[in-house]
Amino acid sequence: MAVMSFIEAINLAMKEEMERDENVFILGEDVGKKGGVFKATQGLYEQFGEWRVLDTPLAESAIAGVAIGAAMVGMRPIAEMQFADFILPAVNQIVSEAAKIRYRSNNDWSCPLVVRAPYGGGIHGALYHSQSVEALFANTPGLKIVIPSTPYDAKGLLKASIRDEDPVLFFEHKRAYRLIKGEVPLDDYVLPIGKADVKREGDDITVITYGLCVNYALQAAERLHDDGIEAHILDLRTVYPLDKEAIIEAASRTGKVLLVTEDNKEGSIMSEVAAIISENCLFDLDAPIMRLAGPDVPAMPYAPTMERFFMINPEKIERAMRELAAF
Amino acid sequence: MSVEKIIMPQLGESVTEGTIEKWLVKPGDHVNKYDPIAEVLTDKVNAEVPSSYTGIIKELIGKEGETYPVGTVICTIEVVEEKESSNISEAIRNATKEPVKVKVNEPNYGENIPKQKNRYSPAVLRLASEHNIDLEQVTGTGLNGRITRKDVLNFIESMKDGNVPSVERQVQEPVQTQETSPSPSPVQPKPIHIEKQAGDVEIPVSGLRRTIANNMVRSKHEIPHAWLMMEVDVTNLVQYRDSIKKQFKEKEGFNITYFAFFVNAVAQALKEYPMLNSVWAGDKIIQKKDINISIAVATDDALFVPVIKNADDKSIKGIAKEINELSQSVRSGKLKSDQIQGGTFTVNNTGSFGSVQSMGIINYPQAAILQVESIVKRPVVINNMIAIRDMVNLCLSIDHRILDGYICGKFLNRVKDILENTNYYEKNIY
């Protein structure tokens, strides 16, 4: 075990997988010599050479397209989008090709591809460097969307994504990169995709969230603990397809559910989670399902005060948790 | 013209509900602001609810004999507002300033009444039906008193511990639901149906009688009572009191009673044995600093326990005066709620109606009650000689959770000691 940052865990996962399987390779903007704008691929170019860590032109549709083609003929590409915001030119490739090829070819072809992309705000990145794009992809059967919250989960889930036989979108909260540190085993392990994880046990209220907000919710839960309120926290880890069983179990446990996402509220991942709960848990609910999310405005503002207004933080979660607990 | 609501007022701190003893008005009556509209009973005191408005009584929502939480709407009144048309903005300002005034003709889900009282979540309803729980018996801790899922789960837990009877178990008993008997106490089982024979007189249980009944049930149900009795030779005290009785009455205008001497002795002994001046508070015992003696005062059909505050600071004369005043308040029905609050120990003058031995029920949540019995002349052996002495029995009931016999014996011996040494030379009544 070693204590490492979120981004170090991601780097380690790719390193281990590239050492294990020579079909694994990385492509993206500045991922080679520079080691990535966030240094996620640092040292890999040096270790594996320019044929396995490819610097690409500024053309996300090409990055995705090349990766999809390579994956279909047996390679294991990891395509990095420099920011999740820039994935949009590649949507056609990902949604129409990668997601559908197995279905379209009646199982003759598959696309074992990972698209990594840093998402989320809180780093003064404004509208082109702060978006949460998971909901855009979250009704595309054939895709999996993984968003880890801890270094341990990041390593285990990224390795699982690389080994998965189908395309996985792997979103990493950029503020978590160096903010969140944790114990990570140095040996080989994978975590199951599609499984949520209980990050904290409690019987007063349930908080369901993912990504950086898990960390914020845990902080808020500790403050509530001092007042005798125990929060049950479920980390979705995979936001598409959702772990319905875990969601139902966590919601039924307390009957008071708070759903948190940094994404714009309407049509978010949490809208779907709320629907699952209301479809399955009516007789266990003790309060209206509550959602805490970013406002429905077009983009993350640049002004620090306005960015704080947009962003989820432990205080906002704490306030919502207390309100729900009091109901 | 608008319709206003009158709510159950908060009559004293820590009072959470009140029973409407009697309506003093009926629909259609014209009342002025501050006119009494109802007699309400809280704890053990009657109070009159004044009208908050001048107008015509529209509807009496509260029923006589029923208990309502503070803030419940008990009646509505049609109010003539002269200023309404001339100054609407002021009316709006007043309305926002005082949320109590809610117009009834607007859709209203009860600003004043606990909103969530009968609104249950699916989880609560499911648990209640699965476990056969009467939700009326569950106390809500949620927003506006809402019963939460956790409240029901805790209730189920407490049922398992055998603390609260479940509905199912009650049903096995021969009970009949009576529409006229609300049971404010959750502990109280439903009444057993008793046939009325020809010639029997049916006396409805008044609010006051019910309050007394509930208090007694609660005390007897919850407190493990234990009893002690000591006989005290008060010959000297009797002689002393007889010698000053006439003069005292002329000078002070009221009687110097034996009871004042007893209360004085108890207050003094409590100072030395503060454990008897405690209350049981669930997970702890609270030893009270002030010595406030509750005294039981009976009328023909009821029992009150007004309080002599800080009795240890007061002389025998001071206590006698206060007993006199409190008794008069009780008999004239003018007891105020602050006169019955804060008691820490009760002394009961059972001797006044001839009793020589009794086992009192503790005035909840106090730790003990002392019954002062009749003073009677009895042959007593003193120094191997038989003498005729004035003897009195002191009967002490104790909460055995708080107190043990040993400490109570010492306390009672101290009271005895003080009383036996009360005479003209050693004790000044002033």
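Predicted model: local features only at pLDDT ≥ 70, side-chain atom pairs only at ≥ 80, totals over all residues.
Local features are given only at pLDDT of at least 70 and side-chain atom pairs only at pLDDT 80 or more, whereas totals for chains, interfaces and linings use all residues. Residues are numbered from 1 along each chain as its sequence is written, chains are lettered from A in the order in which they are written, and side-chain values use heavy atoms, without hydrogens and water.

Chain A contains 13 helices and 14 strands, taken as DSSP runs (H or I of at least four residues for helices, E of at least two for strands) and numbered from the N terminus. Of its 327 residues, 57% count as buried, a term that denotes under 20% relative accessible area, with exposed being over 50% and partly exposed in between (1.4 Å probe, protein chains only).

Over all chains, the structure holds nine aromatic pairs, defined by ring centres of Phe, Tyr or Trp (its six-membered ring) within 6.5 Å, with planes under 30 degrees apart called stacked, over 60 edge-to-face and the rest tilted. One of these is the edge-to-face pair of Phe38(A) and Phe83(A), at 5.4 Å centre to centre and 70 degrees between the planes. This pair links distant parts of the chain, 45 residues apart, with Phe38(A) in the loop between β2 (24-28) and α2 (44-48) and Phe83(A) in the loop between β4 (76-80) and α4 (91-98). Phe83(A) also forms an edge-to-face pair with Phe86(A), at 5.7 Å and 75 degrees. Phe83(A) is buried at 10% relative accessibility, while Phe38(A) is partly exposed at 22%.
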